[in-house]
Amino acid sequence: MKKLLISALIAGLPGVAMADAKGDEIAKLKAQLEALQAQMQQLQQAVNAATAAKAPEADDNTELKQRVAGMEMKVDKLTTDASEGPIAGLSITGYMDPTYLASRVGKSSGFQFVNHSNQYAYTNSTFGDVYLDIKKTFGVGPMAPSAEVSIMPNRGSGNNLLTSGGNSSVGNNIINTAIINFPLSDTTQLVGGLMNSFGGYEVQQSNQMNTITHGLLYDFSDPGSYVGAGFNWSHGSWATKFMIANEQFHTNPNSASDANSHTHSNSTPTVTGRVDYTMTSNLDIGGSMNVGRQSLYAHSTTTNGTTSTDGTYGYQGTSSSAYSGYYFGELDMTLTGTDSVYNAEIDYGRQKQAAWNGGDAVWWGFSMLAHQKWNSDWFGRMGATLRYDYLNDSKNGGGGGGIALGTGGVDGTNGFGISQACFNSSTANGTDCSGATRQALTAALLFYPTDQLTLKMEIRHDWANHDVFLRSDGNYRKSNDIFAAQAVYSF
């Protein structure tokens, strides 16, 4: 009986639930368990020796029972602390992804890592930062509620996208997402907080990407982040997400004031949702939609050298409202194999009065990606990715979605807007010019030295049908090339 009890304890000790606790606490628990295991092994050896010698065991048995009982109490306490203590259900994961990038038109090159920048561009989006995901689960099983916060100080939504409404500036917010999940059943959960949009096949995190840069649809077509509440539902092959939220990128009710101090509030919520159908074990087909109102550019005028808003909205000041209708929909597909991934996506978006000439901004496009892994004799595990993106933003001079045009109706960093040759020859502030149609071809090579470390190299060629890429000498051209290298270490 003693041997059975001791054997059961020894077998059970390694399986004590540690949840996902991290840091010093988990190290202490492991050290204590290892010490207990060593003592249990000594007890087992003592029992075996006593049995082999057939020696009198009365006194020894009493001592062994007392020691085993004491160890049982210690193990019970450790188990309780691990399953019910403050570190129970806590996990901290993340990655670091220092990146080197060289751009031809800007004649710039260098490393990007934890440098503070709130300008979002395809050459400076969500890479070159530290990402932390902190999750606390309250209980076990599918009915356990959870709270999850991701922190991304220099590249996350809080730094380069989110505003607090009104005329607040962007930046200096380390929170990337913050989500509460409360299950109602094993198929339905209530969710609330700050979360990324449901659109597209691409994800934000570098350690889940098969390229370094994001595609054109992720950066400039798909919606961004929302604050709101909704639910997730799944059953069989179907899964659904639904949320009622603020205007994207805003963490409180947004309001804008005109030159006469009148306040205009965006009181119309955004409705967004997604449906996925798992056709087979490796094929998922999904789609998402967004309907609401979105902010318009606050028009300004310059008088006697002083620039101020004039109470109108839109690039040409053609709207009296600070907001206009926003509609977006997309379909995407993911096919996964043992060593391969294939993605496809098609987008369509529209925002009233948000184009350069004051008309409706309309953008549409598609993206295709193929990724393959294999084993190499020289380099070990490695992979390759090829992606093609197309985004048409030509209607009414361009604009809308994630495309923001500046002076002259152009975004020279990302290559959108109207031709500067057309703008310079126009007698109507370029309102008679069409916007750019953009394309990009990306090739990446990946290496996997360890389970935690991924090395990536990427070359990318972007081009447009207009001269919309700003060169370092102040002139514009129709294309740009970049080279990037990245090390992603996950933990």
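Let me start with a question: which residues does Arg274 touch, not counting residues up to four places away in sequence? One thing before I answer: this is a predicted model.

So, the list. Arg274 touches Phe198, Gly200, Ala239, Thr240 and Lys241, then Asp284, Gly286, Gly287 and Ser288, and finally Glu330 and Asp332. Arg274 itself sits in strand β12, which runs over residues 270-280. Buried or exposed, then? Buried, because its relative accessibility is 9%, and the cut-off for buried is under 20%. As for polar partners, the Arg274 side chain makes a polar contact with the side chain of Asp276 at 2.7 Å, and there's another, also listed at 2.7 Å, to the side chain of Asp332.

Zooming out for a second. The chain has 491 residues, and 45% of them are buried. It has six helices and 26 strands. If you take contacts with a separation of 6 or more, 62% are between residues 24 or more positions apart.

Now the other spot, the second largest pocket, with a volume of about 390 Å³. There are 18 lining residues, and the closest to the pocket centre are Ser103, Gly106, Ser108, Thr123 and Thr413. Which strand gives the most to that lining? That's β3, with four residues. β2 and β24 each supply at least two as well. And the make-up of the lining is 13 polar, five nonpolar and no charged residues.

That's my tour, happy to go back to either spot.

Definitions and conventions
Residues numbered from 1 in each chain as written. Predicted model: local features only at pLDDT ≥ 70, side-chain atom pairs only at ≥ 80, totals over all residues. Heavy atoms only, no water. Buried < 20%, exposed > 50% of the residue type's maximum accessible area, 1.4 Å probe, protein only. Contact = heavy atoms within 4.5 Å. Polar contact = N/O pair within 3.5 Å; in protein donor to acceptor, adjacent residues only side chain to side chain. 1 Å grid on protein atoms, 1.4 Å probe; cavity = no way out; pocket = protein on both sides within 12 Å on 5 of 7 lines; lining within 4 Å. Points joined across faces, edges and corners; volume = space filled by probe spheres on them. Nonpolar A, V, L, I, M, F, W, Y, C, P; charged D, E, K, R; others polar.
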